[in-house]
Amino acid sequence: MSAPTAVDPERRSRGISRRLPLIALLTANAFSACGSIMTVLAVPWFVLATTGSAAKTGLTAGAEVVGTVVAALLAGPVVDRFGRRAVSVTSDLAAAAVVATIPLLHATVGLPFGALLVLAVALGMAVAPGETARKSMMPGLIAVTGVSGERAASGYDGVSRGARMLGAPLAGVLIAVIGPQSVLLVDAGTFLVSALLIRAFVPVVGGAAETEPGRYLTRLRRGLAYLRQDRLMGGIVLMISVTNLLDAAFFSVLMPVFAKDVLHSSIALGLMSGVFNAAALTGSLAFAWAGPRLPRRLTFAFAFLLSGAPRFVVLALGAPLPVVLVLWAVLGLGVGAINPVLGVTQYERVPESVLPMVFGVMYAGAYCGMPLGTALAGLSVEGFGLVATLWAGAVVYLGATLCPLLFPTWRQMDHRIPATT
């Protein structure tokens with residue numbers, strides 16, 4: 001038997017080094033997602049605790065999404081102008097500053113509800129360009145590292161869900177122990193870590209920064225034109241805009257109200273989010289292993305049917321916390337396949353030359369209904385009650401998630417094609 005050599009460790013080291021940029025991007029996303037879920041839980045709880053109003057809770061969540069939609073629509077030209085890595089770093093730094101301002105104002109001069117709405121809009125506007133920039137870097141990093149599209153997309157989604165899985169129960173405990181304002185300071189720190197990781201370890205990939213400002217609108221129109229001619233991508237935007245509207249209502253208003261009024265516990269709110277995200281992470285890992293062999297359209301449709309409308313039904317029936325957590329562990333499995341299927345479909349179909357523009361427009365389109373969803377949910381809870389609102393959401397969600405099974409255009413999702421340039 002020949003003596004072992006150092007070749008294998010050296011190859012392993014080179015493999016890790018080659019994948020380091022992708023690992024750094026995924027890690028940065030994990031920090032950002034962990035902090036973001038804390039904000040998603042802390043801000044609604046803060047509004048409910050200080051005002052007792054579900055309508056104001058919905059308006060606050062909706063204000064952040066308004067900022068997200070506006071910024072996402074403009075993010076493509078901004079990413080083209082300044083570069084993907086630079087925009088990602090700047091976006092994280094801006095988000096950290098805005099998040100930290102909320103508790104600082106509350107602890108010093110006070111934070112009127114109107115000022116909180118303004119800061120919520122600013123937070124949405126700060127976060128959206130970074131999300132567009134990081135997602136636009138993914139195809140380039142996939143090419144550099146040689147990781148398969150399905151596994152990279154699952155990794156991108158999985159680490160975010162894993163971070164939310166840990167961040168949600170942590171947020172519930174921290175809200176109870178140190179208060180929602182202090183949780184927001186922790187969130188600000190996660191954005192700073194994300195910015196540092198991207199700046200230090202992720203190279204410039206994809207398109208270079210655009211040096212001709214006059215081309216902004218031209219590039220944006222190219223992104224819009226692409227979505228108009230690609231019926232599958234257009235259909236995805238329409239469907240996701242409806243489901244995101246309902247998800248925003250569910251997670252930002254209906255679930256916090258259920259936790260406060262039915263379960264009477266912020267810790268229960270964190271546990272529900274944590275278990276759901278843990279199940280979603282498991283689903284992402286399963287898709288990373290089996291995804292290349294699965295039919296995308298049927299996987300996508302089944303995942304939505306499992307994880308969408310049944311959530312609303314469980315809460316509408318007034319299930320106790322142990323039952324909710326068990327069902328969340330099953331229903332959340334479907335969520336894990338949704339974003340990886342969408343991600344790899346986008347990476348393969350969208351040309352590199354319009355990637356930031358298309359991702360920005362899709363991001364805005366997918367999120368455009370969310371402010372309406374949160375506002376309507378708050379008003380509906382106050383006007384018709386929590387149970388009636390949950391049943392209405394379940395019916396609409398079911399109708400939206402049948403689209404991939406009913407319309408022939410969605411069959412294109414199963415056409416695996418090389419990423420275009």
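User: Which residues in helix 11 are buried?

Analyst: Please note that this is a predicted model. A residue counts as buried when its relative accessible area is under 20%. In helix 11, this applies to Ala309, Arg311, Phe312, Val314, Leu315 and Ala316. Six of the eight residues of this helix (residues 309–316) are therefore buried, and the helix is largely enclosed by the rest of the structure.

User: What covers the buried residues of helix 11?

Analyst: The cover includes helix 8 (231–263) and helix 9 (266–290), together with helix 10, helix 12 (321–349) and helix 15 (386–401). Just after helix 11, glycine 318 adopts a positive phi of about 70 degrees.

User: Over which ring does the charged end of arginine 311 sit?

Analyst: The charged end of arginine 311 lies over the ring of phenylalanine 250, 4.8 Å from the ring centre. Phenylalanine 250 is itself buried, its relative accessible area being 0%.

User: How many aromatic pairs are there?

Analyst: Two rings are taken as a pair if their centres lie within 6.5 Å, and the angle between their planes then gives the type. By this rule there are nine aromatic pairs. One of them joins phenylalanine 250 and phenylalanine 251 in an edge-to-face arrangement, with 5.1 Å between centres and 85 degrees between the planes. Phenylalanine 251 has a relative accessible area of 23%, so it is classed as partly exposed. A further pair, formed by phenylalanine 300 and tryptophan 410, is stacked, at 5.8 Å centre to centre and 20 degrees between the planes.

User: Which parts does the pair of phenylalanine 300 and tryptophan 410 tie together?

Analyst: Phenylalanine 300 belongs to helix 10 (residues 296–307), whereas tryptophan 410 is in the segment after helix 16 (403–406), so the pair ties together parts that are 110 residues apart in sequence. Both phenylalanine 300 and tryptophan 410 are buried.

User: Which residues do the ring pairs link into a cluster?

Analyst: The cluster consists of Phe250, Phe251, Phe276, Phe300, Phe304, Phe312, Trp328, Tyr397 and Trp410. Phe312 in this cluster is also among the buried residues of helix 11.

Notes:
Residues are numbered from 1 along each chain as its sequence is written. This is a predicted model: local features need pLDDT of at least 70, side-chain atom pairs count only at pLDDT 80 or more; totals for chains, interfaces and linings use all residues. Side-chain values use heavy atoms; hydrogens and water are left out. Rings of Phe, Tyr and Trp (its six-membered ring) pair if their centres lie within 6.5 Å; planes under 30 degrees apart count as stacked, over 60 as edge-to-face and the rest as tilted. Buried means under 20% relative accessible area, exposed over 50%, partly exposed in between (1.4 Å probe, protein chains only). Helices (H or I, at least four residues) and strands (E, at least two) are DSSP runs, numbered from the N terminus. A charge sits over a ring if NZ of Lys or CZ of Arg is within 6 Å of the ring centre and within 35 degrees of the ring normal. Contact means heavy atoms within 4.5 Å.
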